[in-house]
Every structure is written in C-alpha cells, then in structure tokens.
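Trainee: Can we go through this one together? I'd like to take it piece by piece.

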Amino acid sequence: MSALTKQLTGPRRTWALAVCGAVFAALLAVAAFAPLPFAVAYPGPTADVLGESEGEPVITVTGAPVREPEGELRMTTITATAPDASVTLTDVLGGYLASDRAVLPTEAVYPVGDSVTEIQEHNRAQMTESQHSAVAAALAHLGREGEDIDIELRLDSVGGPSAGLLFSLGIIDLLEGDGRGGDLTGGAVISGTGTIDADGTVGPVGGVPLKTQAAKRDGATVFLVPRDECDAASANLPDGLRLIPVTTLSGAVEDLRTLASGGSVPGC
C-alpha cells in the first residue's frame, strides 16, 4: 500500500471524497446555470398568404382581377430564443431530449448581427428581397411580367426569406388558380417553406422539422419542402402530414394541380 493510500484510509479518505463530491456538485451547478452559445427554437406561427395579417390582406393585387380562393397556403416559421438570451445546460439538455424544440448554435440561428436591432434589420431586408423575387417569379411563371400589375406583399411580423415560395404560389392562385377554373390548393390547407429566386428556383431554409409541426398544428395536410431538406423534414414528421419535395416554382404549381385533381405526386 502506498503512502498516499495509507493517508486516505478511514475518516480522512471519507472526508476527502466528500470534499471532492461537493466540489464536483458545485461545478455541475455552475455549469447548469452558466449561459451557453446556443439558441432554443420552437414551432412558430403560420400565416395564410391568401388571407389577412393584422386586418390587412397579405397579398394585394391592383391592375388585374383576382379570384376568391377557397383553400389556404400557409407559410411557416420557427420561434427562437433571442441572441442575448441566457441559454443554460439545463435548457440544452431539455431541448435535445424534446421533439417539439431544437437546440442550435447561436450563430446558426443568427448568422448576421451582434444585437437584436441589427438582426431584425437584416431579417427585414431579407424579407423585402424575398418579396421582390416572389413577385418576379410568379409573374414570369404566368407570362405576365410585362403587364401593368402592381402586387404588394404585407407580412410585417415575419422576417427572413423563407416565405418566398408560398408568396409566389399565393400570387399565382389569386391571379390564375389551377388554370382550369379551380383553386391551386384544391380547397385544402397547404403549407410549406422555401426561398425563391426570380427565376423560380426554390432553395432550402432550415428549421424544417419544427415547421412541419407548426403546419400540422394549424390544419395543414400537405407540406411543400425544398428537395434538399427532405431527410430533415421526414424526421419526427407529424402523422397525417404529406411531404412534397420541390425544386422550382413551376414544379410546385404542377404538383399542386395534380394533387387537386386526384393524381399522384412524388413524396420524400
């Protein structure tokens, strides 16, 4: 038996172990409440782009007649803790174990800006750019880009570019429907997410597993997802929600028309 072992036998060893245990417990307590560089995200609100937001139409068209839609096109969001919020180890562990939230590095949720104000300004700028692209893509799809049509998009409570696809689909539904006298939605509640370029290319957005939960919660039966995010969308997919992968605006329109007529469309 070594000298050190001899010194730590009996009461002395018990005392040493108790001290070590107390120190370890204290460190765990500090770690549990120390702020960490993470954000906790949850399913956010959805909005029907064919309807109203805060008492005003989300899409206003002047210079052309519009249809009265029967279905809904719901864009989806996530809600995350603020960049300056204190997220602790307890929050992180709870988020990893829960299916209705996600824990992400703060820089992944807020890649630009060091303050809440800067982030809000960045998100508003992205939303404005997304709206311009959505209008351009929709009018190009309809072959009406040279006409004197003015389209205003209003959704002040949402920032970022992820509503682009749904904005374009909403414009198309209001102006043309399914092209055969019916709703592009077939009268159903369609939801989804995706950025849109002026040429109609649909891009990924992130946070899709939480957005599918928001969609199902608010009555959607179909979720349009950027094809590259099919795997993510399939994780913890709510029962009764059908995924349709999209890469272009024209492809999304064709899939919705086929779905409304009872035809077969691809899934994830």
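Predicted model: local features only at pLDDT ≥ 70, side-chain atom pairs only at ≥ 80, totals over all residues.

Trainee: Which residues other than glycine have a positive phi?

Mentor: Glu-54 is one of them, at about 55 degrees, and Asn-236 is another, with phi near 55 degrees. Glu-54 sits in the loop between strand 2 (52-53) and strand 3 (56-57), and Asn-236 in the loop between helix 8 and strand 12.

Trainee: Is Glu-54 buried or exposed?

Mentor: Glu-54 counts as exposed, at 67% relative accessibility. Asn-236 is exposed as well, at 55%. The cut-offs are under 20% relative accessible area for buried, over 50% for exposed, and partly exposed in between, with a 1.4 Å probe and protein chains only.

Trainee: Back to helix 9. What span should its 12 residues have?

Mentor: Helix 9 covers residues 249-260 and should span 16 Å at 1.5 Å a residue. The expected span is 1.5 Å times one less than the number of residues. The end C-alpha atoms of helix 9 are 17 Å apart, which agrees.

Trainee: And which residues of helix 9 are buried?

Mentor: Leu-249, Ala-252, Val-253, Asp-255, Leu-256 and Leu-259. They cover an arc of only 165 degrees around the axis, so they are on the same side of helix 9. The arc is taken from the directions from the helix axis to the C-beta atoms. An α-helix has 3.6 residues a turn, so residues three or four places apart point the same way.

Trainee: Different topic. How many disulfides are there?

Mentor: The count comes to 1, where a disulfide is a pair of cysteine sulfur atoms within 2.5 Å. Cys-230 is joined to Cys-268, with S to S at 2.0 Å. The link is left-handed, with -65 degrees about the S-S bond.

Trainee: What does that pair tie together?

Mentor: Cys-230 lies in helix 8 (residues 230-234) and Cys-268 in the segment after helix 9, so the pair ties together parts that are 38 residues apart in sequence. Cys-230 counts as buried at 11% relative accessibility, whereas Cys-268 counts as partly exposed at 45%.

Trainee: Now strand 11. How many of its residues are buried?

Mentor: In strand 11 (residues 222-226), 5 of 5 are buried. Val-222, Leu-224 and Pro-226 point one way, while Phe-223 and Val-225 point the other way. In a regular strand the side chains alternate between the two faces of the sheet.

Trainee: Which strands are joined to strand 11?

Mentor: Strand 8 (residues 189-192) runs parallel to strand 11 and is joined to it by 3 bridges. Strand 12 (residues 242-246) is also parallel to strand 11, with 5 bridges. Two strands pair if DSSP finds at least two bridges between them. Ser-191 stands opposite Phe-223, and the bridge partner of Leu-224 in strand 12 is Ile-244.

Trainee: What about the largest nonpolar core?

Mentor: The largest core has 44 residues, of which Val-49, Ile-59, Ile-151, Leu-165, Phe-167 and Leu-169 touch the most other members. A nonpolar core here is a set of buried Ala, Val, Leu, Ile, Met, Phe, Trp, Tyr and Cys residues joined through side-chain atoms within 4.5 Å. Helix 6 gives the most to this core, with 8 residues. A second, separate core of 10 residues includes Val-189, Ala-220, Ala-233 and Leu-241.

Trainee: Helix 6 again, then. Where is Ser-168, and what does Ser-168 touch?

Mentor: Ser-168 lies in helix 6 (residues 164-175) and is buried, with a relative accessible area of 0%. Not counting residues up to four places away in sequence, Ser-168 touches Ala-134, Ala-137, Ala-138, Ile-196 and Leu-249. Contact means heavy atoms within 4.5 Å.

Conventions:
Residues numbered from 1 in each chain as written. Heavy atoms only, no water. Helix = DSSP H or I, 4+ residues; strand = E, 2+ residues; numbered from the N terminus.
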